[in-house]
Structures are given as C-alpha cells and as structure tokens.
Amino acid sequence: MAASAPIHIRAVTSRADRDAFVDWPYQFYPERYPNWVPPLRREEHATLNPDKNAFFDHGEMQLFLAEDDTGQVCGRIAAIINGMHLKKYDDDTGFFGFFETENDPAVANALLDAAESWLRARDCIRMRGPTNPSLNDVSGLLVDGFDRRPSVLMPYNPPYYVDLLTDYGFERSMTMWAYYAHKRYAKYDRLRRGVEIVKRRTPGLSLRTVDPDNLYDEARTLLDIYNEAWSENWGHVPMTEAEFTQLVDSLKEVYDPRLVYFVEHEGEPVAFALSLPNINQALRHVDDGRLLPTGWWTLLMRTTYGISELRMPLMGIRKAYQGKGIDALMVLETMERGPEYGYDACETSWVLDTNERLKNAIESIGAIRDKEYALFEVALQ
C-alpha cells in the first residue's frame, strides 16, 4: 500500500491516546488476517499502565501513534528501556515493541525513527525487538506459520513486517521455534525408556503437581528455579518477584494445576514444567477483546468452545541437574496426562535456535517445528 499523504507521529500522552493505541489492532486485523487472535483489552491496558505493571518498577516506555492527514491511526510502536536487561548486560541496548503498521514503508520508517530517536536520547546504541515489553512477555516476530493461529501468549503479525524491518536496516539476532506434538504421533515408548534410564541414574527423583492451595509459595519456588536455570540463556532477564507475582495473578484463573509439575530430588524441588490451556482456542471467538465478568469468561472457555491444546511456555532445571534427562520426566507426564484431561496436543514455545540439545530432544519424541519466530536488532546512528 502506498502512502497517500504525509505521516504524522505523535507521542501518546493522554488516556485517550492510550485508548487509541490499544484499540488500533482491533480495527486493523479483523477481516484481513483471520488467524489473528484478539488479546484481552483489559490485559493490554494493564500492560501499558505504569500503575498496574511491575515492569515499570525498573523500566520505561514511550508509546507513539502514526496518523495520516485525516487523523486516522495507521500504526503504532513503543520505545522501551528495560532496566533489568541493562543491569545484567550493561550493553546500552534499548527495545521496541507493540509494533503494528499498515503495509507502507513510510509509516513503518516513521514509527521506527521515533522509537530510535527516543532511545538515542537515553544513550542507547542499538534497538532490539519486538518485545512487549520484555522477553518475559509476548515477544518475537512471526516469520513463518501465518496460516495457523498463535498459541496463548504468542505473537501474530502480517508477513510483510519482516521486510519492513530488514529494509530499515534490522538484522536477525535470534531465531526461535514453536514445536507441536500431538498424542497421535508422540513416541511414548521412547520417552518411557528414557525416563526409566533417568530414574536409575539419579535415584531419589519424584514428580508432583503444583499445590493450588499454596500457589504463591509454589510460585516463589518456581521463580527461583527459573531465574537460576535460564540465567545463561541468550537474552534472559530475570523476573523480579513483583513481575512474577503479577504473572501468577494473570494466569491463576486459567491454568490447570494438574499440568504444572515439580521434579524433586530427595524432597527438594530441582525442576519445573508449566503448561497452560491454549485459551486462544476460545479467545478467537471474542472478536473485540472484551470479556464478560471473569467467572462467566472462565465458564465460556472451558465449556462452550472447549480447549483441546496446551502450550508449554516454561521449563526450568537447576544447573546441578541439567543434562541428566530430567526434562523427559516432565514431558512424558504432560504428554500422558494431557489427553486424560482433554488436551490432545501441546505446543512447546519458544525454543532458541541455539539450544541444540532441547531441539533434538523435542524432535526425537515426534514433535515438529510448527512456527518460526525471530528477534531483530539495528545499530542506532
């Protein structure tokens, strides 16, 4: 699409501006991209609200809107400073996120210029993204798999975004994969044999589900394992306890405690795996992202439309226990128990392209690469 008039970029400074920022994807995607799943408006507003999002305890964000000469919104972007990232890496990297635009290089370039200028003014030397607002949130650009709906908390975008970013000067900094496993094709026997070997080599292992009556204590244990296990992964930024508590609050209405596992060694938690019902199978029916009260929403998702898939977004193993095959215990339990509870398939996402061990392990049990995602970065001039 060619630009018909000059593009105007303005910073979001008011509640009305923020409403317009949140609203635009609901105007842009329907009819054009039927596989887009509308996020919850209330969650989008909470993510962007400094009073409600613990990210702002250490981070900054400036939102921008692109408008044509008639005042119609034609794109949006956020420029982001992630204080926890800078504390860990000290690399002067800023981020961009919430990037949406018409298929028009003039719009995309104007938005990216605005984010770049804001980040340069804060001494950043590169811009990476998209992150919304951090890698602990919905992140990455979909680059392959546009004909399939995204799983819960995974991004979706038009195919042309890749070209708009690369034409601007961005280069891919990391590739990530989403793997899909269905009970019909899962290699259970191989997994079971592997689990028996793991148990023989490391006696004293046991597996249990999360205790929903002590959810926040369990969550703190999970957070401790996560921050240790992921500490050397590319781009990892530790979650603060406030951020993690916020995540637990947002998921406790929809998680299934039967499918959140801890592995213990002689009674001490050493690993976890968290799987979530793929609520996008229900949310795709909520066209404008507005929900009934929570209780009715939960009932709607679990009964009227049904959810038959899981997504495993998080798994963590303490460093002393990595390489022992403990992940096989949790994967087998998820794949065996999921169908019992009505979940016939599971997406594991995302998996870093550099994580050869995990990619090989997932592929060995019959999972396939279903979608490709990437993060991009550009040096700031």
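Trainee: Which residues of helix 2 (residues 41-48) are buried?

Mentor: This is a predicted model, in which local features need pLDDT of at least 70 and side-chain atom pairs count only at pLDDT 80 or more, while totals for chains, interfaces and linings use all residues. Residues are numbered from 1 along each chain as its sequence is written, and side-chain values use heavy atoms, with hydrogens and water left out. Helices (H or I, at least four residues) and strands (E, at least two) are DSSP runs numbered from the N terminus, and buried means under 20% relative accessible area, exposed over 50% and partly exposed in between, with a 1.4 Å probe and protein chains only. On that basis, the buried residues of helix 2 are R41, E44, T47 and L48.

Trainee: Within what arc do the buried residues of helix 2 fall, seen down its axis?

Mentor: The arc is that of the directions from the helix axis to the C-beta atoms. For helix 2 the buried residues line one face of the helix, because they fall within an arc of 125°.

Trainee: What covers the buried residues of helix 2?

Mentor: Contact here means heavy atoms within 4.5 Å. The cover includes helix 1 (15-28), strand 2 (60-67), strand 3 (73-81), strand 4 (93-101) and strand 6 (131-132).

Trainee: At what distance from the ring centre does R41 lie over the face of Y26?

Mentor: A charge sits over a ring if NZ of Lys or CZ of Arg is within 6 Å of the ring centre and within 35 degrees of the ring normal. Y26 belongs to one aromatic cluster together with W24, F28, Y29, Y33 and W36. R41 lies over the face of Y26, and its distance from the ring centre is 4.0 Å.

Trainee: How far apart are the end C-alpha atoms of helix 6 (residues 188-201)?

Mentor: The expected span of a helix is 1.5 Å times one less than its number of residues. The 14 residues of helix 6 should therefore span 20 Å, and this agrees with the distance between its end C-alpha atoms, which is 20 Å.

Trainee: Which residues of helix 6 are exposed on the side away from its buried ones?

Mentor: Y188, L191, V195 and V198 are buried in helix 6, and they line one face of the helix because they fall within an arc of 85°. What covers these buried residues includes strand 10 (205-209) and helix 11 (326-340). On the other side of helix 6, the exposed residues are D189, R193, R200 and R201.

Trainee: How is the pair of F146 and Y156 described, stacked or edge-to-face?

Mentor: Rings of Phe, Tyr and Trp (its six-membered ring) pair if their centres lie within 6.5 Å, with planes under 30 degrees apart counted as stacked, over 60 as edge-to-face and the rest as tilted; by this rule the count comes to 15 aromatic pairs. The ring centres of F146 and Y156 are 6.4 Å apart and their planes are at 80°, so the pair is edge-to-face.

Trainee: Is D370 buried or exposed?

Mentor: D370 lies in strand 15 (residues 368-379), where its side chain makes a polar contact of 2.9 Å with that of K371. Not counting residues up to four places away in sequence, D370 touches G145, R148, A178, Y179, Y180 and E347. Because its relative accessibility is 12%, D370 counts as buried.

Trainee: Which residue is joined to P130 by a cis peptide bond?

Mentor: P130 has its place in the loop between strand 5 (126-129) and strand 6. The omega of this cis bond is about 0°, and the residue joined to P130 is G129.

Notes. Polar contact = N/O pair within 3.5 Å; in protein donor to acceptor, adjacent residues only side chain to side chain.
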